[in-house]
Amino acid sequence: MQQHAAAMGQAILDEAAVLAVADVDLDGLSADEGRVLQRLHLRRERDPKLRRKVIEAYKRRRAAVVGEAWGFDFHKAYGDRGADYIECHHRTPLHVSRPTRTRPEYLILLCSNCHQMIHRASPWLTPEELNSLIEQQREH
């Protein structure tokens, strides 16, 4: 049994040694970062009060504020720091609708990751396409 334990201990040490080997593709790699750059860009106007009211209404209907794509709960993950945090996504992008009067039903609550996945590549995914993608991945 002692030999078996010693062999297991050696296997653990061998694996740690393999993991500690430097990746030759990263050897000596560095990049200059941190300079201050001034950037000028256009941004579409959004009403933060509308976002707040949509979240409040969502809270009245459900126990917790969670992303509508796969249910991520910032409060559960991060405690008080994550309470009531969620991102709001326009079902019809503002660059398509142009200036418009946004109603609460035009918005969907998404966690940051889901929101980024929608916007990751053009054409953007619809919330329904994102949900389908998530379901497909769950099946694998």
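## Glu105 and its partner

Glu105 counts as partly exposed, since its relative accessibility comes to 45%. Bear in mind that this is a predicted model. The side chain of Glu105 meets that of Arg103 in a salt bridge, at 2.8 Å from N to O. Arg103 is partly exposed as well: its relative accessible area is 43%, which falls between the 20% limit for buried and the 50% limit for exposed.

## The other salt bridges

How many salt bridges turn up in a search of the whole structure? The search finds four, and the Arg103 and Glu105 pair is one of them. In general, side chains of opposite charge can pair when their charged atoms come close.

Another pairs Glu128 with Arg91, with the closest N and O atoms 3.4 Å apart. Glu128 sits in helix H6, while Arg91 is in the loop between strand S1 (87-90) and helix H4 (94-97), so this bridge ties together parts that are 37 residues apart in sequence. Both ends are partly exposed, with Glu128 at 48% relative accessibility and Arg91 at 34%.

Then there's Arg138 with Glu135, whose closest N and O atoms are 2.8 Å apart. These two are three residues apart in helix H6, so about one helical turn separates them. Glu135 counts as partly exposed, at 40% relative accessibility.

Now for the inside. As a rule, nonpolar side chains in soluble globular proteins tend to be buried together. Here, the largest nonpolar core has 18 residues, and the ones touching the most other members are Ala69, Ile86, Leu109, Leu110, Cys114 and Leu130. Helix H2 (48-61), strand S2 (107-110), helix H5 (112-119) and helix H6 (127-139) are the elements that give two or more residues to this core. S2 gives the most, with four.

Which residues does Leu109 contact, once neighbours within four places in sequence are set aside? The list includes Val54, Ile55 and Tyr58, then Val66, Gly67, Glu68 and Ala69, and finally Ile86, Glu87 and Cys88.

## How H5 and H6 pack

H5 and H6 have axes that come within 10 Å and cross at roughly 110°. That angle lies in the 65 to 115 degree range, so the two helices are roughly perpendicular to each other. The crossing of H5 past H6 is right-handed.

On the H5 side, the contact is made by Cys114, Met117 and Ile118; on the H6 side, by Pro127, Leu130 and Ile134.

Technical notes: Residues numbered from 1 in each chain as written. Predicted model: local features only at pLDDT ≥ 70, side-chain atom pairs only at ≥ 80, totals over all residues. Heavy atoms only, no water. Core = buried A, V, L, I, M, F, W, Y, C linked by side-chain atoms within 4.5 Å. Buried < 20%, exposed > 50% of the residue type's maximum accessible area, 1.4 Å probe, protein only. Contact = heavy atoms within 4.5 Å. Axes fitted to C-alpha atoms, helices over the stretch in contact; angles between N-to-C directions. Parallel < 35°, antiparallel > 145°, perpendicular 65-115°, else oblique. Left-handed = near helix turned anticlockwise from the far one by under 90°.
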